[in-house]
Amino acid sequence: MSTSVSWATAWRIARRDLNARFKGLRLLLVCLFLGTGALAAIGTLTGAIESELEGRGQELLGGDLEIEVWQRDLLENERAALAELGEVSGGTRLQAMATAGENAAPIELKAVDSSWPLYGDLTVGDGEIAEAPKGNEAWLAQGAIDRLGIGVGDTFKIGTTELIARGIIDNEPDRLSEGFQLGPTILVAEDIPGQSGLLAPGAMYQSKYRVAFSDNRDPSEVQESLEEQFPNAGFDFRTRDRASPGADRFVSRMGEFLTLVGLAALVIAGIGIGGGVSSYLEARRASIATLKVLGASSRDIARIYALQIGSAALVGSVFGLAAGVLITPLLAAALEGLLPVDSGFVFEPAALAIAAAYGMLVALVFAATPLLRARKFPAMALMRARIVPLSRDGRALGWVLGGMAGIVALALLTARDPLLSGGFLLGAVVVLGLLALLGWSIRKLSEKLPRPRNPLVRNALANLHRPGASTGALVTALGFGLSAFVLLAAIQSSINGNIDQRVPEQAPDYFVLDIPRDQVGEFRSLVTAEQSEAMIRTVPALRGAILAYGPEASMTRVADLEELPEGAWPLRGERGLTYADSLPPGNSLVEGDWWAEDHSGEPLVSVDEEFANAIDLQVGDVITVGILGVEKSARVANLRRIDWESMGFNYVLVFSSNAIADAPHNIAATVDLPENADTGPLLRQLVRAFPSSSVIEIGQVLGEARVILGQVGLATFAAASVAVLAGLAVLIGAIAAARAVRTYDTVVMRVLGASRRQILFMQLAEYGILALILAVVALGLGSGLAWLVITQLFEFDWLPNWAEILAVLGGGLAFVLIFALAGSLPLLRAKPAQALRAL
């Protein structure tokens, strides 16, 4: 009984046989490079962002806890409660207009006290640390300087107050927590808005107070205590753990999507690995048989070639990890301004270890079957493998199942959303099973079909079911590869569709905020005098928080809810409120009736249909809101369907005028000018006549929104491209593997008199039949996955461009046929005598 060679001896034999350039294993290298590189880049980027959000939470928020309230300052008892917690910094935020000579610009006015910032540093110019502005000083963002046409040291006005531009903001430590802005930031002292006449009763402004705790406190517990102490104050809270909820949600969604892309790339790459290892061992068939003839045991064969394949897998994974680290700065640059991530190199050991583990486990799962097949069979069977194909080795199933269990365990233990990752892996197994079933069905169907009269078509059809046919491998590879094309095209076109729909080309030219109620007529006269064809719409603008809702006898208090119902976002903090005598434009009634214009009875309210369904609100129920600390209740008169895609005033709650009109408030307006009208003169007139009002140019806002969505689309495109590249590698590998098997068939055909043209036609016919069948499968599979990503992960509308998707799928089909043709050319150059001697 022979003894097995040692691992050292096996490695010496493996190293001698292994080409320094990994000839024959390059597909395995490429597939693992793409898969591990994608996961490394994704894990590194998301890890770096999450570390920034977690480690810099106090700086990003500007405190340990933030309290925000609309249209009023904090009361003395509220300030006293905060002062007991630690150092407090307060101020206001509002939209305003800045002017300098004939130039005017809508800006975000940020008024802060001398304690700001509690954490981090304000830097100006070339990184110089600055203090909060004092007196009439102001720090301006570069965009404000440019639009006003001024320089450092020049003067400008906000409202009726003249200010001095002290410098240009370089880094505003709490910028991310402020959210989306409608203009560049200008920092001023806390008393400037009041001096400028911008805080009159009814004006739209926010009071923000940040607290730096004096001792070690749990922000969540402090928030709960304040909510119990001031249940009807209308406070919005943020804590250092969730300094930027929008960024948290974006990172979570994007991280989930990117992880799925990485796993998809690895699954697709795994198919390529299996094909690549099969091709490599097929090329080494004679060497394996020779080793067995010379006395090598099956264990020796397994060790030698496992070392070769493992070495190639390790090299591919290491290069993939390095590429993932190197590409992270490019992804960070694409997301610059959206998220707090350094554009330099980031090293996340945990993310790299997870990516490497995934890569090696996938290599094990897909390489085990061909490796164990070569291990099991005797030399004579290997010598005759091209004529009498080897049967499958049942023992490989144990290795495959063990590797798959490792992948599932790793996914569930490391995933942000284990259910999502587990569902994806289960779906991948189901898809692999369906494609395997499809491959088997194609073989059986082609075997039972009537034999065509054309001998070339007959041979092409026979190639699908003959012994040793690679139909199953081709169906799996083509199915996943073409699905990757469809997935990328569907995601990208749907994101572009959302940009076009959610950020429309046609919108009002201006939004105007804080028009005094007694000056609406003057406002209309000024606009029509400048632009007689301008369309003007005005609405009362108030802010309030929903405090309770439901049947009058058993109302639900929002403060008592441990978790908000799905889709009930209007319950979170204060929201815009208005009142109207008629149904707002762009709205349609779905239940109930609108009240009369002169309604003077019980206060009524109209509610958005989607919101009503989310909280199970019915017509006849009651809603209580808090406006400036005063509770007001109204009965639900009707439900409306709102066209949220219109760039106009859309309110979840619209009250009858007798319900809330007595609360202090101002008027908001939209102004739509004739096409190609010059907007500059009207803007200057409005700023002069209404210095306390804010004029927002919609074109600038839409441009910023398109840039943000464009950045998201670019990052998504770059990530999904990895799956497409993996799909391309798999397609190339599958065709190359099939070419190696067909050398013998081609030689026999040529000996029997077949011309090169006939052989090429048979190849194209075979691949054409498979490609057309799988194009339909790929269209359904790829678009289904894209629908899940767009609607469930990103929560966008499903708006694919089917013409674009079909064009991309057609390009994928053309690629398959062209590469199949190119892969057949070497077969025609094979010399029959030499090829037959090699059997």
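**View 1. Ser 317 and its partners from elsewhere in the chain.** Leaving aside residues up to four places away in sequence, Ser 317 touches Leu 32, Thr 36 and Met 360, where a contact means heavy atoms within 4.5 Å. This is a predicted model, so to speak of its local features we need pLDDT of at least 70, and side-chain atom pairs count only at pLDDT 80 or more, while totals for chains, interfaces and linings use all residues. Residues are numbered from 1 along each chain as its sequence is written, and side-chain values use heavy atoms, with hydrogens and water left out. Ser 317 sits in helix H11 (residues 298-334); helices (H or I, at least four residues) and strands (E, at least two) are DSSP runs, numbered from the N terminus. With a relative accessible area of 2%, Ser 317 is buried. Buried here means under 20% relative accessible area, exposed means over 50%, and partly exposed is in between (1.4 Å probe, protein chains only). Leu 29 is 288 residues from Ser 317 along the chain, yet their C-alpha atoms are separated by 7.8 Å.

View 2. Ser 446 belongs to helix H15 (residues 418-448) and is buried, at 5% relative accessible area. Its side chain reaches the backbone oxygen of Arg 443 at 2.9 Å. That is a polar contact, meaning a pair of N or O atoms within 3.5 Å; within protein, one must be able to donate a hydrogen and the other to accept it, and residues adjacent in sequence count only if both atoms are side-chain atoms. Beyond four places away in sequence, Ser 446 touches Leu 461, Leu 464 and His 465. Ser 657 is in helix H20 (residues 657-660) and is partly exposed, with a relative accessible area of 24%. Tyr 579 and Asp 581 are what Ser 657 touches once residues up to four places away in sequence are set aside. Glu 597 is 60 residues from Ser 657 in sequence, and 9.0 Å from it in space, C-alpha to C-alpha.

**View 3. Strand S12 and the strands it pairs with.** Strand S12 (residues 510-515) is mostly covered, with 5 of its 6 residues buried. Two strands pair if DSSP finds at least two bridges between them. Strand S21 (residues 666-672) runs antiparallel to S12, and 4 bridges join the two. Strand S22 (residues 694-697) is also joined to S12 by 4 bridges, again antiparallel. Look for Val 512: it stands opposite Ala 669 in S21 and opposite Val 695 in S22.

**View 4. Aromatic pairs.** A pair of aromatic rings is described by the distance of the centres and the angle of the planes. Rings of Phe, Tyr and Trp (its six-membered ring) pair if their centres lie within 6.5 Å; planes under 30 degrees apart count as stacked, over 60 as edge-to-face and the rest as tilted. That rule gives 5 aromatic pairs. In one of them, the rings of Phe 230 and Phe 235 have centres 6.0 Å apart and planes at 65 degrees, so the pair is edge-to-face. Phe 230 is buried at 12% relative accessibility, and Phe 235 is buried at 14%. Trp 798 and Trp 802 also form an edge-to-face pair, 6.3 Å centre to centre with 80 degrees between the planes. Here Trp 798 is partly exposed at 25%, and Trp 802 is partly exposed at 41%. Back with the phenylalanines, Phe 230, Phe 235 and Phe 237 form one aromatic cluster.

View 5. Arg 543 lies over the face of Trp 70, at 3.8 Å from the ring centre; the rule asks for NZ of Lys or CZ of Arg within 6 Å of the ring centre and within 35 degrees of the ring normal. Gln 71 is in the loop between strand S1 (65-70) and helix H4 (76-83). Gln 71 has a phi near 60 degrees, positive although the residue is not glycine, and at 7% relative accessibility it is buried. The peptide bond from Trp 116 to Pro 117 is cis, with omega near -10 degrees. Pro 117 is in the loop between strand S3 (103-112) and strand S4 (122-124).
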